[in-house]
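Look at the sequence and the structure first, then read on.

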2 protein chains.
Amino acid sequence: MGGDFGPQVTVPASLACLRKNPDLNLIMVGDEAVLGNLLSQALVEFKGRISIQHASQVVEMDEAPQKALKNKKDSSMRVAINLVQEGKADACVSAGNTGALMATARFVLKMIPGIERPAIISTLPSTFGHTHMLDLGANVDSSAEHLYQFAVMGEEVVKAVEKIERPRIGLLNIGEEDMKGNEQVKAAAKLLENSGLNYIGYVEGNSINAGSVKVDLIVADGFVGNVALKSIEGAAKMIGGKLKDSFSQNWLTKLAGLIAYPVLKRFKDSIDPRLYNGASFIGLRGLVIKSHGGADALAFETAIHLAEVEVAQGVIRKISEKLELALTQKVDE
Amino acid sequence: MGGDFGPQVTVPASLACLRKNPDLNLIMVGDEAVLGNLLSQALVEFKGRISIQHASQVVEMDEAPQKALKNKKDSSMRVAINLVQEGKADACVSAGNTGALMATARFVLKMIPGIERPAIISTLPSTFGHTHMLDLGANVDSSAEHLYQFAVMGEEVVKAVEKIERPRIGLLNIGEEDMKGNEQVKAAAKLLENSGLNYIGYVEGNSINAGSVKVDLIVADGFVGNVALKSIEGAAKMIGGKLKDSFSQNWLTKLAGLIAYPVLKRFKDSIDPRLYNGASFIGLRGLVIKSHGGADALAFETAIHLAEVEVAQGVIRKISEKLELALTQKVDE
């Protein structure tokens with residue numbers, strides 16, 4: 001029910017995913033009347049693979065997370081996360097209110113033992129293909145230990161999603177030299193150096209999209225990570241707008257635009273943010289994927305697909321096992 | 001002598017500025033032999049408006065700031081800042097090592113009474129034209145009071161450079177709602193709300209380049225501001241690279257690129273980072289402008305021009321007066 005467009009987007013995206021992946025089953029959570037109407041055909045076409053779970057409430061996009069948690073116990077978001085908690089669903093995908101989704105997920109699913117803070121991880125395009133980054137806004141004022149835990153969790157996600165053995169991990173900082181940075185980052189670097197992870201050192205903001213060396217996972221405090229993510233969104237929007245403006249000046253530039261259209265189209269596709277939609281909440285005892293609120297059907301499909309991959313790869317189980325191992329080693333020391 | 005290209009860039013840029021502004025006088029600080037050679041003609045052409053001040057050392061781009069401060073007492077950077085301190089120059093412009101330049105400027109010029117931390121301020125392009133932002137990396141872990149002081153100093157810069165009365169000031173945060181953010185930002189918001197400044201509230205990273213409302217000055221901690229700035233640089237580099245790649249695929253796309261060339265050229269010019277080169281160190285008792293290390297002559301010209309404007313507008317004096325007033329009011333309370 002969530003996001004800027006609700007079922008108008010989530011329903012067609014879900015049906016497209018059901019068509020593409022015969023192993024996928026979906027439980028559509030929300031207003032039974034609305035969903036039943038939109039899904040009447042699909043319930044026949046995908047018999048046994050799609051069902052509706054009624055939820056009488058919807059969390060508004062600007063509702064305070066604690067209020068939603070308290071007053072909306074039958075929201076689509078809450079019911080969907082309950083399904084994960086009860087083992088009836090392997091993951092929850094939502095385009096709803098991020099803060100409320102995180103608060104509800106924390107409350108219902110609880111943290112993996114040993115993890116102090118959940119984190120939000122997603123992928124961003126880069127000149128090397130793409131890179132994963134966390135935390136994108138679940139936390140502010142992360143300690144060195146938190147940053148270290150983000151790296152441990154993030155590594156499991158990258159290994160599972162990318163199918164690479166030892167992801168290259170960088171720590172976001174304001175310079176590449178040892179002396180640079182704030183206290184948390186400097187202390188986190190020490191933890192990462194001694195961790196056995198494939199830690200490659202500090203990376204700067206420009207390394208997210210266009211660094212000089214490939215980095216598979218960038219670790220940052222959620223305040224910093226969120227600002228970086230949004231700054232990149234703003235830059236892309238401004239640059240795209242100026243490019244469009246340049247081709248809209250007069251009939252001559254419009255003609256040039258028409259001739260260059262296939263090239264411009266391919267360029268646009270190569271940085272299409274819809275292909276990067278979907279952020280995973282990790283550190284919880286269940287998988288929750290957050291789609292951008294403004295996602296269209298194609299973008300929401302990407303978020304569902306991310307859930308399929310992470311479920312198939314057992315990301316949550318792998319994080320739990322890794323953490324259990326790390327905790328056992330700590331006790332042994 | 002500094003930057004990636006040294007006098008090969010700084011000298012032609014300086015001569016271009018002397019040509020454009022008849023009121024400008026320049027003291028070129030560095031190796032007398034090197035500069036004398038490059039400037040032999042200019043010393044005649046701009047007789048009385050350009051001179052050479054010898055400095056026997058150069059701070060390397062990767063030299064530790066404290067080492068440079070201790071061991072390079074006759075560096076071009078140090079001698080140039082000394083000239084400002086002695087009142088022989090109105091400003092120092094350098095493309096050298098940022099950390100060393102800041103450490104030297106702090107040591108030689110000292111802080112304006114009442115200012116606890118210097119800050120780095122610069123302009124970035126936006127869909128509304130451009131916006132100023134500070135701090136871009138002079139500080140990490142800024143307190144609420146520091147952020148407030150950045151706003152007070154930044155306002156004077158924006159007023160002077162843009163010639164507007166009440167710049168619209170935003171505080172960089174990870175959401176626009178009151179409850180969002182870290183403790184420092186929330187406390188800084190309270191200070192700004194009660195300050196008499198034209199404070200418009202929280203802005204997110206995307207507002208730097210492409211916000212929904214115009215903001216003239218964005219205030220952030222130096223760690224966050226630097227990451228945002230570099231993230232935008234990386235995004236622009238990646239997008240520019242992908243656009244170029246799209247037009248380089250085959251003879252057909254190359255032909256399209258040729259036809260669209262004037263449009264693409266105008267687009268490129270509209271986001272040319274060289275037109276935004278130059279960051280001011282503020283909070284010090286003298287003006288120091290830092291050019292990007294990789295600046296070419298056009299970019300370095302922009303940095304010199306920024307110094308001209310800030311000197312003509314008496315930015316440092318205005319910040320001092322404003323701070324003195326603020327301090328007097330505090331004592332009065």
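Chain B and chain A bury about 4500 Å² between them, and 75% of this area is on carbon and sulfur atoms. Buried area is the accessible area (1.4 Å probe) that two parts lose on being put together, summed over both. The model is predicted: local features need pLDDT of at least 70, side-chain atom pairs count only at pLDDT 80 or more, and totals for chains, interfaces and linings use all residues. Residues are numbered from 1 along each chain as its sequence is written, chains are lettered from A in the order in which they are written, and side-chain values use heavy atoms, with hydrogens and water left out.

**Between the chains**

In this interface, 53 residues of chain B are in contact (heavy atoms within 4.5 Å) with 53 residues of chain A. Two salt bridges are counted between chain B and chain A. A salt bridge is a side-chain nitrogen of Lys or Arg within 4 Å of a carboxyl oxygen of Asp or Glu. B:Glu204 forms a salt bridge with A:Lys230.

Which element gives the largest share of the side of chain B that touches chain A? Helix 9 of chain B does, with 19 residues. Helices (H or I, at least four residues) are DSSP runs, numbered from the N terminus. By class, the side of chain B that touches chain A has 28 nonpolar, 18 polar and seven charged residues. Here Ala, Val, Leu, Ile, Met, Phe, Trp, Tyr, Cys and Pro count as nonpolar, Asp, Glu, Lys and Arg as charged, and the others, Gly among them, as polar.

**Between the domains of chain A**

Chain A is divided into domain 1 (1-115 + 283-313) and domain 2 (116-276), with bounds from an automatic or database domain assignment. Their C-alpha centres lie 26 Å apart. Domain 1 and domain 2 of chain A bury about 1300 Å² between them, 66% of it on carbon and sulfur atoms. A:Met102, A:Ile115 and A:Gln313 supply 35% of the area that domain 1 buries against domain 2, more than any other three residues.

One salt bridge is found across this domain interface. A:Asp296 forms a salt bridge with A:Arg274. The table gives the closest N and O atoms for two named salt bridges.

| Salt bridge | Closest N and O atoms |
|---|---|
| B:Glu204 with A:Lys230 | 2.4 Å apart |
| A:Asp296 with A:Arg274 | 2.7 Å apart |

Key. Helix = DSSP H or I, 4+ residues; strand = E, 2+ residues; numbered from the N terminus.
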